[in-house]
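Work through the exercises below with the sequence and the model at hand. Each task is followed by its solution.

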Amino acid sequence: MAGLYGSVSVISVSGQIAAAKEYKADVIAEIENSNFNPSVIAACTSQADAEGYQLTVSDCTYDALGDLNTAEVILTYEYNLPFFGVSGTRTTRGIAR
């Protein structure tokens, strides 16, 4: 029976990690689709807080023509393996282009 609970815990953490990575990908798409609009970035940050994540978007970089080029998106989330008494914080990163 302990093996079953351990397997369920590991599957649960895998789901938490997958959900965080999908959330980060959605944020990146939203930032890119808005052409790096500061209001959209602020809304994404607020929404991430409401979802239990911490979102940081680095200052945008510009190319030689002054056009927006990239921004680093960092999503921090917590994971929990209650059966093993393990929990912690992880970070996933991406680039909005």
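**Exercise 1.** How many aromatic pairs does the structure hold?

Solution. The model is a predicted one. It holds 1 aromatic pair. The partners are tyrosine 23 and tyrosine 53.

**Exercise 2.** Classify the geometry of the pair formed by tyrosine 23 and tyrosine 53.

Solution. Two quantities are required: the distance of the centres and the angle of the planes. Centre to centre, the rings of tyrosine 23 and tyrosine 53 are 4.8 Å apart, and the cut-off for a pair is 6.5 Å. The planes make an angle of 40 degrees. Stacked requires under 30 degrees and edge-to-face over 60, so the pair counts as tilted.

**Exercise 3.** Which parts of the chain does the pair tie together?

Solution. Start with the layout: the protein chain has 2 helices and 4 strands, in the order α-α-β-β-β-β from the N terminus. Next, place the residues. Tyrosine 23 belongs to helix α1 (residues 2-33), and tyrosine 53 to the loop between α2 (38-50) and β1 (54-57). The pair therefore ties together parts 30 residues apart in sequence. For the chain as a whole, contacts with a separation of 6 or more can be examined: 48% of them are between residues 24 or more positions apart.

**Exercise 4.** Are tyrosine 23 and tyrosine 53 buried or exposed?

Solution. The cut-off for buried is under 20% relative accessible area. Tyrosine 23 has 17% and is therefore buried. Tyrosine 53 has 16% and is buried as well. In the protein chain, 30% of the 97 residues count as buried. The accessible surface of the chain is about 6100 Å², with 51% belonging to carbon and sulfur atoms.

Methods. Residues are numbered from 1 along each chain as its sequence is written. This is a predicted model: local features need pLDDT of at least 70, side-chain atom pairs count only at pLDDT 80 or more; totals for chains, interfaces and linings use all residues. Side-chain values use heavy atoms; hydrogens and water are left out. Rings of Phe, Tyr and Trp (its six-membered ring) pair if their centres lie within 6.5 Å; planes under 30 degrees apart count as stacked, over 60 as edge-to-face and the rest as tilted. Buried means under 20% relative accessible area, exposed over 50%, partly exposed in between (1.4 Å probe, protein chains only). Contact means heavy atoms within 4.5 Å. Accessible areas come from the Shrake-Rupley method with a 1.4 Å probe; for residues, only the protein chains shown count as cover.
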